[in-house]
Amino acid sequence: MPQEIREKIVDEIKHKKDSFDKVRNARIEYSKRMRRSDNSWRISFFVSNFSAIFLFIISIYESDSTIALISGAYSIYIILLQYTINEFRYHEKYILASRNELLIEKKIAKLKKLVRISSDKDSDYLEKKYNKICDSYTKELEYFPNHSSRDFKLAKIRKIISENENDKHKTFYQSGLKIVKLAIKISSCILPFMQITISVLLILWSLNRGIF
């Protein structure tokens, strides 16, 4: 009977290890997505701030009231946009997700160790250690942002590819992964790209009015 209980606990530990691994992989994808969004907006705001400064300087030296009006309105728009984007805390979420991924990896390592020594330990010891790891994992999750379903799906596709290296459907899985990654990249970059486009168009518009 104790042997059967121990085997059930070991099976549960293995199942929990796989569950932790899925969350960890999703956290990795989430971290990548947050970093990509953060970098995209950093580039966007660099170009936007440059164009705002450019229009402001032009409004000082030119008597064109239209340029002065647009310069002021655009500067206010950039300030409000930066404030709004900062509220999303992309960089902070990227750091937190990376840290959470490392903590989950440590928990997985502890569960693996528990499985390795399971033959030398009784069921009470295994259950106590297992519950302690799970409780610690649950408490730590409270301090970190959660990933989305698309991060989980992308991680799942990566895992399928890694587990089916010699599978005849590998090419199909890889094509699906590329499509999903492209969709995520487009969704992360489309708004920053639109902002860069607006900034460039404003600079071209001011030059087209014969300022220089």
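**Exercise 1.** Which residues does Phe 20 touch, not counting residues up to four places away in sequence?

*Solution.* Begin with the model: it is predicted, local features need pLDDT of at least 70, side-chain atom pairs count only at pLDDT 80 or more, and totals for chains, interfaces and linings use all residues. Residues are numbered from 1 along each chain as its sequence is written, and side-chain values use heavy atoms, with hydrogens and water left out. Next, apply the contact rule, heavy atoms within 4.5 Å. With that rule, the partners of Phe 20 are Ile 104, Lys 107, Ile 108, Leu 111, Ile 133 and Tyr 137.

**Exercise 2.** Find the members of the largest nonpolar core that touch the most other members, and state which elements give two or more residues to this core.

*Solution.* A nonpolar core is a set of buried Ala, Val, Leu, Ile, Met, Phe, Trp, Tyr and Cys residues joined through side-chain atoms within 4.5 Å. Buried means under 20% relative accessible area, exposed means over 50%, and partly exposed lies in between (1.4 Å probe, protein chains only). The largest core has 14 residues, and those touching the most other members are Ile 13, Phe 20, Ile 104, Leu 111, Leu 114 and Tyr 130. Two or more residues come from each of H1, helix H3 (90–116) and helix H4 (123–141). Helices here are DSSP runs (H or I, at least four residues), numbered from the N terminus. A second, separate core has nine residues, including Leu 81, Ile 85, Tyr 94 and Ala 97.

**Exercise 3.** Is Gln 195 buried or exposed, and which residues does Gln 195 touch, not counting residues up to four places away in sequence?

*Solution.* First, locate Gln 195 in helix H6 (residues 170–208). Its relative accessible area is 2%, so Gln 195 is buried. Its contacts are Trp 41, Ser 44, Ser 48, Tyr 74, Tyr 77, Ile 78 and Leu 81. Gln 195 and Trp 41 are 154 residues apart in sequence, yet 9.0 Å apart in space, C-alpha to C-alpha.
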